[in-house]
Each structure stands twice: as C-alpha cells, then as structure tokens.
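Welcome! Here is a short tour of a protein model, written for someone meeting it for the first time.

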Amino acid sequence: MDLIKLNIKGISFSQSQAGAYALLLEEEFGDRKLPIIIGNFEAQAIALALEKDLFPPRPLTHDLFANFARHFQINIQSVNIYKLEEGIFYSNIVCVDKDSDIFELDSRTSDAIAMAVRFNAPIYVLKSVMDKAGIEINMITEEDEEEHIESILQDIEDEIKEIVDSAIPEFEGLSKYELEQKLKEALEKEHYELAARLRDELNKR
C-alpha cells in the first residue's frame, strides 16, 4: 500500500458553514495540503489534544476511549485515510493489543485523527487519495498561502452545501417514513448537515 505521511498544520473556523471547521493536513515531505471539513466537537477534541498543557476538567469522549484502550493495553499504531468518495474521507485506526495482535477499526476521519493525536500515532493517506484531493501550495508567501487555502476550503464548503441542498426535496411532500429513510441515508453517507435538517423536520411533526 503506497502511503504518504501527514502532519496536522492547523484548524480553522468555517465562515460560511455553521458549526464546521477545516482541518488542514500536510505532507511530511512535500508541498501538498489535504483539507478536511469536520464538526465542532471533533475540532475541539483535536485542538485540545494538540495543546499538551490543557486538560478539560472531565474526560471528553475521545479521552475516555483513549483511557479505556490504555487500560486494556491497546495502542494505536497509525491512522490510514484510504478512500475519498462523494466528498467523504474514509479512515481506519490500526491498533495493536498486549499480545502484539494487530487489528483495524473503521472510523470517521475526524475521530481517527483525534485518537492519533492522543497516542502520538502517525497519520497516513493513500497516495491515490492525496493525488485526488491534495492541494499543492509552493513558492508563495505565507499570507498568500493562507488566502489560497481559504479559497480552496470555500470551494469545498460550497461543494458540500450543493450536495446537501440538492439532496433535500420539498419536505412538505414527504411522509414521516420517507423522511426517516432519507435521514438514515444521510447518516450513512456522513452528510450530517442534511441529517440535522431532516431530524429537525421530523421533530416538527
């Protein structure tokens, strides 16, 4: 498997998509960046883990999972981003237990990275995914780089919004069962903004 190691460059707040953040990863040896749109909770979980001297008064969900894993002597070896489909990144967490048995867990990319930070585990992306979604930024000033990244992230957000909007028919014409089926489909495809709007419509009924 041809993998490229990534480092976390930063997290920025989305100006146009409520409750969304952009996680920016970069090649360890190269100029390409990989932007991923994540939710508020996952952004907080990653940001807190990156700040080694900040500790919440009570464990966050990712901290609890990390404590649980360490208690049973399970370590995270790496996180692999192995697929990009319909704007969604797919990842798995490679783990090793106390008997040195290796196993993989399917995970949302944002959750996988939040766990990788807590275990100081490397993050990799399949070369084909990087070739498809990577942004090459080279030979420009830091200020121009930030503007270029913001422009790219805006394009990604616009694309996600277009997917969400195109997936929403007139709610009034849908039965409760149809709404529930579309909610299930949105969750499976990790279109969480669409899922939230469908949920709100179901609650109204």
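This is a predicted model: local features need pLDDT of at least 70, side-chain atom pairs count only at pLDDT 80 or more; totals for chains, interfaces and linings use all residues.

Residues are numbered from 1 along each chain as its sequence is written, and side-chain values use heavy atoms, with hydrogens and water left out.

**Overall picture**

- The protein has seven helices and eight strands; these are DSSP runs numbered from the N terminus, with helices being H or I of at least four residues and strands E of at least two.
- Of its 205 residues, 39% count as buried. Buried means under 20% relative accessible area, exposed means over 50%, and partly exposed is in between, using a 1.4 Å probe and protein chains only.
- Among contacts with a separation of 6 or more, 54% join residues 24 or more positions apart; a contact means heavy atoms within 4.5 Å.

**Helix α3 and its partner α2**

- Ten of the ten residues of α3 are buried, so this helix is largely enclosed by the rest of the structure. Among them are Thr109, Asp111, Ile113, Val117 and Arg118.
- The axes of α2 and α3 come within 10 Å and cross at roughly 55°. Axes here are lines fitted to C-alpha atoms, for helices over the stretch in contact, and angles run from 0 to 180 degrees between N-to-C directions.
- α2 and α3 are therefore oblique to each other, since angles under 35 degrees count as roughly parallel, over 145 as roughly antiparallel, 65 to 115 as roughly perpendicular and the rest as oblique.
- His62, Asp63, Phe65, Ala66 and Arg70 of α2 meet Asp111, Ala114, Met115 and Arg118 of α3 in this contact.
- These residues divide into four nonpolar, one polar and four charged. Ala, Val, Leu, Ile, Met, Phe, Trp, Tyr, Cys and Pro count as nonpolar, Asp, Glu, Lys and Arg as charged, and the others, Gly among them, as polar.

**Nonpolar cores**

- A nonpolar core is a set of buried Ala, Val, Leu, Ile, Met, Phe, Trp, Tyr and Cys residues joined through side-chain atoms within 4.5 Å.
- The largest one has 34 residues, of which Leu6, Leu25, Leu34, Ile81, Phe89 and Val125 touch the most other members. α3 gives the most to this core, with six residues.
- Apart from it lies another core of seven residues, including Leu174, Ala186, Ala195 and Leu202.

**Single residues to look for**

- Glutamate 42 sits in helix α1 (residues 40–50) and is buried, with a relative accessible area of 8%. Beyond its neighbours within four places in sequence, glutamate 42 is in contact with Arg108, Ser110 and Asp111.
- Most residues other than glycine have a negative phi.
- Glutamine 73 has a positive phi of about 55° although it is not a glycine. Glutamine 73 lies in the loop between α2 (61–71) and β4 (75–85) and is exposed, at 52% relative accessibility.
- Asparagine 120 also has a positive phi, of about 50°. Asparagine 120 lies in the loop between α3 (109–118) and β7 (123–126) and is exposed, with a relative accessible area of 65%.
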